Amino acid sequence: MPNYTLNVNGKQVSVSADADTPLLWVLRDELNLVGTKFGCGIAQCGACTVHIDGVATRSCQMQVSILDDTKITTIEGLSKDGKHPVQEAWKEIDVPQCGYCQSGQIMTAAAFLEENKNPSEKEIREAMHGNICRCASYNRIEKAVKLASKNS
Amino acid sequence: MKLHKNDNFSRRNFLKTSVLASGGMLIGFNFLTSCKPEAKMPKDIASLNFNDFNAYIKISDEGYVTIFSPNPEIGQGVKTSMPMIIAEELDVEWKNVTVAQGILDTKNYKRQIAGGSQSIRSNWNVLRQTGATAKQMLVTAAANKWKVDASTLKASKGTITNANGETLGYGDVVREAALLEVPEKIKLKEIKDFSIIGKDAINVDIDKIITGKPLFGLDYKTEGMLYASVLRPPSFGQVLASFDATQAKNISGVVDVITIGDKARKFLDKGYVSWTVALSESDKVVVLATSTWAAIKAKKAIKAIWKETSQLESTELHHQKLTSVLDRKKTKVLREDGNLTKAFKEADTVIERVYSSPFLPHNCMEPMNFYANVTAAKIDLVGPTQTPAEVQKSVAVLLDRKKEEISVEMTRMGGGFGRRLYADFAIEAAEISDKVKKPIKMVSTREDDMTTGIYKPSVKYSIKASLKGGKITGYHLKEAAMNGGMYGAISNFFPAGCIPNFKVESATYNSNITTGAWRAPYTNFLAFAEQSFFDELATELKVDPIQLRLNLLQKVKNTTDKKIQYSGKRMEDVIKLVRQKGNWGKSSNGVYQGFAAYYSHNSHVAEIADLVLQDGKPVIKKVTVAVDCGVVVNPTGAKNQVEGGVIDGIGHAMYADFAFKDGKPQSKNFDSYRLIRMQETPKVEVHFVQNELSPTGLGEPGLPPAGGAVANAINAALGKRMYNQPFVKELEKSTILG
């Protein structure tokens, strides 16, 4: 299997994987970064969302072979101490139920708020529409994104 | 409350204490069974034994409290709310309480087995008594130290105070308290004096969730573990005939390709009856690989040939069969009052409607998975299960091993919704590991999960009512179920007791598609049918729909019928609360309202949906909810459950469709199966009835009324009744959403 060098959460890491391996499985199985979740494998649910050069990206559709010269950030690297404004807002609003989709929700929200510092309710709902929460904690996700935008 | 029907309840039988080698007091206790006389208290935290006790409380020399409990968490928040109840009666500050449960990164805390998902309802008294007993032992120890009578002392927030104003912390007396005899008589707090229960407590796992720490079954791994991807029959009614794995074996990372099924078929051959074991008679092909991706990829490369062993069913067939079941004369009568025939004969008007719903997959966000390591000495099983005891028992039968050799460790679960009540995934994992003699983890893809599931069955209800002189004189509910039918208690929910001539009966069609429990089993759809029907009756009787329910409930308020499950008074209270909070009948122009109320899982819930038309299409803006679930332990968690339940109910009623053709599910992932998303989500406003009654269920009861409230709001806006789920299909047919 070929080797690839990736920049994940500010560190250079070397992995051995087939070229078509999705970043999701490299993160989870090879690098033990299991905060990025497997939900659907076809970019429909958003549970696997990471940042690639700051852009919210579905890691299940991103092949490991095309990621050199990019900066990958996962939930584990979003902040040093879990105190990113989005993480803090998630805690204050007590968003999660089962919690499985929440790292993907947080990564989507964090990238969105970098682009749009003061979003309207409509913009928040549009931005978060791609991430499924099967427990339907949507009301709280919406509130937490709004709160994070105020505190950023 | 009795702990167990046959138990002579004694505190000494459910709780034991000891001094820890490292200092502090350890309390071991059991929820539903008494402790075995031989149950031994461990000497240190590393050797906590969850066979002898369901849970432990440690009070350190510094007065800090740690609660160790292996209770599974599927998202209903019991990991937070159950410890709150103990802490309340123990009377310590919530900030000094740590909950060490179900976490994979705790090496020194080996979970064994627990009695399954214990709800707040069944544990309320035991948890309170455990906390109160420990508190009393600490107070007695302080009294002995001061040589005063315990009744002269006061304990609050972890501190004991005597008549002279001197104080001792709990930590100062733990060693003495641990050696005292467990008291028989204790005093519980007055509910009005609660200081932890009733206040918001944030989910105890929040920091791990928001930073992506390993918590879930899919996150668990051990050195040398292989990933297993299982190829199951694509259609219900098929079994494996032959397969060619040549290509699959050439994929890098693939270690082996095997088949399983021989051992699991023992369950079928032996007629092993357990509703939590759901199995196929077919052999399954299993790819074992060093990575999940290699296993998934190789499975797709297997060329398999399947043969038909029973009918390949379709949605059209189900529709025909269930329709004929509705006409069946031979049924199971679940409740019958008065003389229905006479009521229909003498009626001014008879109204009859038929309601249909499709199959539904659970779609837990975390696909099914389980870890197994079967060795000659022991079997380790780890993963997301709601029924660890069933997993242990099933694997013991599967591999002909002693239960004592099998440990089941529970992880946090990425959703349950009923799917993780079944043991099929753990049985598969155990059979694979047994065959390859290696630690493995069975991992399902979303497609595996959705197409080889255990579904909410498709069902039809026929409801018929007789009206005479402006009153409902007769009510006849007939269920055309699949592989079973509603449990008997449901026939004693509303409107049982409100209508003099009454009958509920059920008949079933046996399908080869696996079916099972899905969030709020049966009532998830029955509530929609019934609550839509009453809305239609209100229109026919020219009565306000809420007033109609309140009028009917008067008849059940003083009932002597012990079979009636719900309370007329509590139902009336939630209806009145939602009527006020939801501004019933006073909404602004262009807002159309729909009402529904339902009792299930021991809680009473009423909902009002507010709907507007945008470009002629219905959009649900808001749902107001009133809930009576007794004492609300953790308001933020409780509201979260109800908000989620309501939106889940709306999502499935509006969008969920799951068809079969030639025995094969026609949706296999989220591109062809629609789940509700952010922009379709209404605001949900939750209000609780304040009372001092024991807490009841919350994970499910918010869901059943939601579909009915929305259907009735759609009718208010468009004059169109919904009889079939999903509603989008009904609306498309009438070109409203075309």
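Two residues are in contact if their C-beta atoms, placed from the backbone, lie within 7 Å.

## Model and conventions

This is a predicted model: local features need pLDDT of at least 70, side-chain atom pairs count only at pLDDT 80 or more, and totals for chains, interfaces and linings use all residues. Residues are numbered from 1 along each chain as its sequence is written, while chains are lettered from A and ligands numbered from 1 in the order in which they are written.

## Domains of chain A

Chain A splits into domain 1 (3–77) and domain 2 (85–151). These bounds come from an automatic or database domain assignment. The C-alpha centres of domain 1 and domain 2 of chain A are 21 Å apart.

In chain A, 15 residues of domain 1 are in contact with 12 residues of domain 2. On the domain 1 side, β3 (49–52) and β4 (55–58) of chain A are the elements giving two or more residues. Helices (H or I, at least four residues) and strands (E, at least two) are DSSP runs, numbered from the N terminus. β3(A) has the largest share of that side, 3 residues. By class, the domain 1 side has 7 nonpolar, 7 polar and 1 charged residues. Here Ala, Val, Leu, Ile, Met, Phe, Trp, Tyr, Cys and Pro count as nonpolar, Asp, Glu, Lys and Arg as charged, and the others, Gly among them, as polar.

## Contact between the chains

The contact takes 46 residues from chain A and 49 residues from chain B. On the chain A side, the elements giving two or more residues are α1 (23–30), α2 (85–93), α3 (102–115), α4 (121–127) and α5 (138–151). α5(A) gives the most, with 4 residues. This side of chain A divides into 21 nonpolar, 15 polar and 10 charged residues.

## Chain B overall

Chain B has 19 helices and 28 strands. Its C-alpha trace spans about 80 × 70 × 50 Å along the principal axes. With 738 residues, a compact globule would have a radius of gyration near 27 Å; chain B has 28 Å, which agrees. That radius is taken over C-alpha atoms, and the globule rule is 2.2 Å times the number of residues to the power 0.38.

Of the 738 residues of chain B, 54% count as buried. A residue is buried if 20 or more other C-beta atoms lie within 10 Å of its own, exposed if 12 or fewer, and partly exposed in between; C-beta atoms are placed from the backbone. B:D219 counts as buried, with 21 C-beta neighbours inside 10 Å. B:D219 sits in the loop between α5 (206–211) and β9 (226–231) of chain B.

## A five-stranded sheet in chain B

An open sheet of 5 strands runs in the order β14-β22-β21-β20-β15 (chain B), with mixed pairing. β14 (332–337) and β15 (349–357) of chain B stand at the edges, each with a single partner strand, so one side of each is left without a neighbour in the sheet. Two strands pair if DSSP finds at least two bridges between them. β14(B) is joined to β22 (501–509) of chain B by 5 bridges, and the two run antiparallel. B:V333 has B:E505 in β22(B) as its bridge partner.

Helix α9 (315–326) of chain B packs on the sheet, touching β15, β20 (459–468), β21 (471–482) and β22 of chain B. Its direction makes about 145 degrees with that of β22(B). Axes are lines fitted to C-alpha atoms, for helices over the stretch in contact, and angles run from 0 to 180 degrees between N-to-C directions. Helix α14 (523–541) of chain B also packs on the sheet, touching β15, β20 and β21 of chain B. The direction of α14(B) makes about 25 degrees with that of β20(B).
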